[in-house]
Amino acid sequence: MEPNDTTRQDPLLEKARAYRVRLADDSENGSLWIEYGDFVQKNFEMPDEVVRAYAKAAELLPNQDLRLRLGDAYVRAGKQEEGLSLIQESLAENPRSHGFCFLAAAYLRLGNYASAEHAAEEAVRYDPDFEEAYYLLGEATRKRSRKVAIACYRAAIERDAQYALAWQALGRELAAADSTLDEAIVALRTAIDLNPEDGWAMVFLANALWRTDHSEEADLWYRRAIDAFPEYEEMKKWYAQFLRSD
């Protein structure tokens, strides 16, 4: 992925180069390949490179189950059947909440909301205190029931008040109704406080502020969101609509 913000991305590129140097010198270190795969997964849109890293780690660490990571990477890389098969194989041998969250997330990426909902429900069943399971259940159900999704996001936050992504999702769904706009604004401000780089929370907040006639602050958050993620055209579209409305 080409960086869009040189100042923000240069340290990541330097770290990527450092990983490549270390791997060249220590290519049989399976744990280092996992660390590198996790780093690339988090910071760059390079799914094939993540697959390569996890596949190498799995080869070097045959007694460590890396099928969840590798399966997720395959799904992201467009190899859906291979990826889902690996995740399901791991779950068949060792069913656990964490694994069902991987499966739910994979189905969500594929737009299979019914299967994602079932997987998230299994994650909740195996660990009723796992906040990610409730967040994913909200994501799986929000298209059919905003009320159910909001309840799921609240459940996630009850279990982890620092869960920034759940606050963002809660604010996004609350902002869909005029009656809950004020609560949406509070939730989205919380999401940004917890993750100051969350451009989506910023633009959702801007939309909500616009609708509550706080135009000056809305303009600020639109511009911050676009500065953070200039590649997302949807943010620019919303901002253009906002500017035309003045």
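**Exercise 1. Decide whether Gly-111 is buried, partly exposed or exposed.**

Step 1. Take the relative accessible area of Gly-111, which is 40%. Step 2. Apply the cut-offs: buried means under 20% relative accessible area, exposed means over 50%, and partly exposed lies in between (1.4 Å probe, protein chains only). Step 3. Gly-111 is therefore partly exposed.

Two notes on the model. It is predicted: local features need pLDDT of at least 70, side-chain atom pairs count only at pLDDT 80 or more, and totals for chains, interfaces and linings use all residues. Residues are numbered from 1 along each chain as its sequence is written, and side-chain values use heavy atoms, without hydrogens and water.

**Exercise 2. Place Gly-111 in the chain, then relate it to Met-202.**

Step 1. Find the loop between α6 (97-109) and α7 (113-126); Gly-111 lies there. Helices are DSSP runs (H or I, at least four residues), numbered from the N terminus. Step 2. Count along the sequence: Gly-111 and Met-202 are 91 residues apart. Step 3. Go through space: their C-alpha atoms are 25 Å apart.

**Exercise 3. Describe the surroundings of Thr-212.**

Step 1. Locate Thr-212 in the loop between α12 (199-211) and α13 (215-228). Step 2. Check its cover: Thr-212 counts as buried, because its relative accessibility is 18%. Step 3. List its contacts (heavy atoms within 4.5 Å). Leaving out residues up to four places away in sequence, Thr-212 touches Leu-181, Asp-182 and Ile-185. Step 4. Look at its side chain: a polar atom there lies 3.1 Å from the backbone oxygen of Leu-209.

**Exercise 4. Examine Asp-213: is this residue buried or exposed?**

Step 1. Asp-213 also sits in the loop between α12 and α13. Step 2. Its relative accessible area is 68%, so Asp-213 is exposed. Step 3. Turn to the backbone: phi of Asp-213 is near 65°, a positive value in a residue other than glycine.

**Exercise 5. Compare the chain with a compact globule.**

Step 1. Count the elements: the chain has 14 helices and zero strands. Step 2. Work out the rule, 2.2 Å times the number of residues to the power 0.38, with the radius of gyration taken over C-alpha atoms. For 246 residues, a compact globule would have a radius near 18 Å. Step 3. The chain has 20 Å, which agrees. Step 4. Step 5.

Definitions and conventions:
Helices (H or I, at least four residues) and strands (E, at least two) are DSSP runs, numbered from the N terminus. A polar contact is a pair of N or O atoms within 3.5 Å; within protein, one must be able to donate a hydrogen and the other to accept it, and residues adjacent in sequence count only if both atoms are side-chain atoms.
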